[in-house]
Amino acid sequence: MNDRRLEESWWLLSRSRGVGVVLRVLILVSPVAAIACTRLAADHSLLAINVAIIPLAFVCVVYPDSHIGLLVVLLVGIEWLVTVDDQATPWSIGVAISLTVFHASVAAATVAPPAARWTRAMCWRWSRRSLVVMGASACTWAAVAAIDRYAVGSSAVLVVVSLATIAVAAMWARDGSVGVSQQ
Amino acid sequence: MFAVVAVLARRPDLLVLGTPFIAAAVWAVLLRPTRPLGVAQSIGHRTVREGEATTWHIAISDPENRADDVAAVLEAPMWVDQQPVDGQVVVSPRDDGHDRLDVFIRPTRWGVHQVGPALVVASSAWAGFRWEAQNYADSSMLVALPRPAQFDAAAPAVRSPGLVGVNRSPRPGSGTEFASIRPFQPGDRLRRIHWPRSLRTGTLHVTATWAEHDRHVVLLIDALDDVGESEGIDGLASSLDITMRAAGAIAEHFISAGDRVALVVLGARGVQRVPPASGYRHLRRLLEAMARVQPAHSVIDDGRMPRGLGDGALVLMLSPLVSPTALQRAVSISDRGLAVIVIDCLPADIALQEPDDPFVGLTWRIEVLKRDRDIRRVREAGIPVVPWSGPGSLDVVLRDLHHRVAGSRAGRR
């Protein structure tokens, strides 16, 4: 929670206990799991990216409030894009689950200071929501695998519609964020 | 980002990787709060004894019920312990059904401590939106009263001459004037038990008496120095710790005996004097005044006689006897004809300790020799100097003083 204000991130880290420790271990382990799944899907990996991801994940452990997590996710995505050719591989579910765990762990690490004792209800809520998102990832994979069976030709209209949909969704999310911050 | 690349690069598998982020973002935006939370912080008790605990309350009001997690960090000042140890707590108001966070705080040393405000941070779903508050107006001053050491004095009271003690006090206390027979309470003297009534009723009863107004005790605290290391109530005590706890114990003893007690502080910033009065409310006043005493790092002493030293007052000076200023003050008060007892509050082990640095050790030995010389001079001036050792510390000197006063009265007759 708010390392910027306390400015004692190292000290805070040393005070971690219970769920705080588990979350920090997950922040470190989940990108490694994503790398492993990518390697299993592609039979090879990019050493430079792998070497970069680990220290960045460690920075996320110390500063979960920072934007370094975004960089970790970006590197995992780039490695997947560059190395994996099979678009319907089930290992993508493994990477998605790893990224879900990483995202949930970083987010959860920011809501409470490391030494705070989490309640059972909080643990259960975060786990439940993560499982829902993992389920959504599995559904997406099923849809992608289904599409992959059919050879869909190039369609400019489809690309434009997709991009427009993404733009509208992004604007909707941005409006929501800006609205709250301006209050 | 994943979605854009998926579309442009014709890689639908990237959508699978992006789904967790898209789902979490949509979830967070859908459950975003639109109004800030209400937070009220308060302290359970503003005044406690050192070593006693109280609670820092953080009450949360979330009318929309959209705050998932509310965390707080209370940074405690020195000499204040917390439970949880780091003052970090978190709760889910909706899931746990709690709308408040509590941090237990325990002052480990007497004094006035500023506590709070706690930094309160609330997060919405997926920590998508965060709201924080730290209103410095919510901070509170926690007054930790010195915990009186154990003290009792069996010596007879030194009675002041004059008309003050002829009339009984309107309050019950230790006197000779019969007031009533009442049930025995812890702290009552055994010789006060009224056996006929106790045998008749089957429960112990004591004879209560009215207090007498004939003793005026002045506690003269030397706050010019604070010698030694203080580790709070659970560890080593500095000279000022011993002074305050002893002063509290002596004040409690004389107040419970129905006497009037005044407080004069030498050299401290802030409080200088509490006029004489009696009663437990006054005891509280004395302890609060003691809690606000700060050691004077420079000598603040105008050299004038402290006010409030009435004729016939028994002056109990509590001092580590390191500063010659305090000892000179004791001599000058004694020269006015007042009964003065100096209580040595230097920690017992500090005079014997040998610092690692040989020069510091040599300096300290010279200081101890000078201190012994000053104490000898004070004793030669007829002022008793006794080390503070809890119950019975003052018995011998009070008894001597009583004989001396009784002798002088007999001589006058």
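User: How much space lies in the second largest cavity?

Analyst: About 30 Å³. This is a predicted model, where local features need pLDDT of at least 70, side-chain atom pairs count only at pLDDT 80 or more, and totals for chains, interfaces and linings use all residues. Residues are numbered from 1 along each chain as its sequence is written, chains are lettered from A and ligands numbered from 1 in the order written, and side-chain values use heavy atoms, without hydrogens and water.

User: What counts as a cavity?

Analyst: On a 1 Å grid over the protein atoms alone, a cavity is a set of points where a 1.4 Å probe fits but cannot get out. A pocket is an open set with protein on both sides within 12 Å along at least five of seven lines. Lining residues have an atom within 4 Å of a point. Points are joined across faces, edges and corners, and a volume is the space filled by probe spheres set on them.

User: How many cavities of 30 Å³ or more turn up in the whole structure?

Analyst: Two.

User: And what lines the second largest cavity?

Analyst: Residues of chain A, including Gly20(A), Arg24(A), Pro113(A) and Trp118(A). Helix α3 (19-42) of chain A gives the largest share, three residues. By class the lining has eight nonpolar, one polar and one charged residues. Nonpolar covers Ala, Val, Leu, Ile, Met, Phe, Trp, Tyr, Cys and Pro; charged covers Asp, Glu, Lys and Arg; the others, Gly among them, are polar.

User: Now the largest pocket. How much space lies there?

Analyst: About 1,600 Å³. There are 36 lining residues, and the closest to the centre are Leu70(A), His103(A), Phe21(B), Ala24(B) and Ala25(B). Elements giving two or more lining residues are α5 (68-83), α6 (91-111) and α8 (156-181) of chain A, plus α1 (2-8) and α2 (13-30) of chain B. The classes are 24 nonpolar, 10 polar and two charged.

User: Switching to chain B. How many helices and strands?

Analyst: Nine helices and 20 strands. These are DSSP runs numbered from the N terminus: helices are H or I with at least four residues, strands E with at least two. Of the 413 residues, 49% count as buried. Buried means under 20% relative accessible area, exposed over 50%, partly exposed in between (1.4 Å probe, protein chains only).

User: Is strand β18 of chain B enclosed or open?

Analyst: Largely enclosed by the rest of the structure, because six of the six residues (314-319) are buried. Leu314(B), Leu316(B) and Leu318(B) point one way, and Val315(B), Met317(B) and Ser319(B) the other.

User: Why the two sets?

Analyst: In a regular strand, side chains alternate between the two faces of the sheet.

User: Which strands pair with β18(B)?

Analyst: β15 (216-222) of chain B runs parallel to β18(B), with five bridges. β19 (339-344) of chain B is also parallel to β18(B), over six bridges. Pairing needs at least two DSSP bridges between the strands. Leu220(B) sits opposite Met317(B), and Leu318(B) is bridged to Ile343(B) in β19(B).

User: How does the chain get from β18(B) to β19(B)?

Analyst: Through helix α7 (324-335) of chain B, in a right-handed β-α-β crossover. Right-handed means that, with the strands pointing away from the viewer, the path from the first strand over the helix to the second runs clockwise.

User: Arg329(B) is in that helix. Buried or exposed?

Analyst: Arg329(B) is buried, at 5% relative accessibility.
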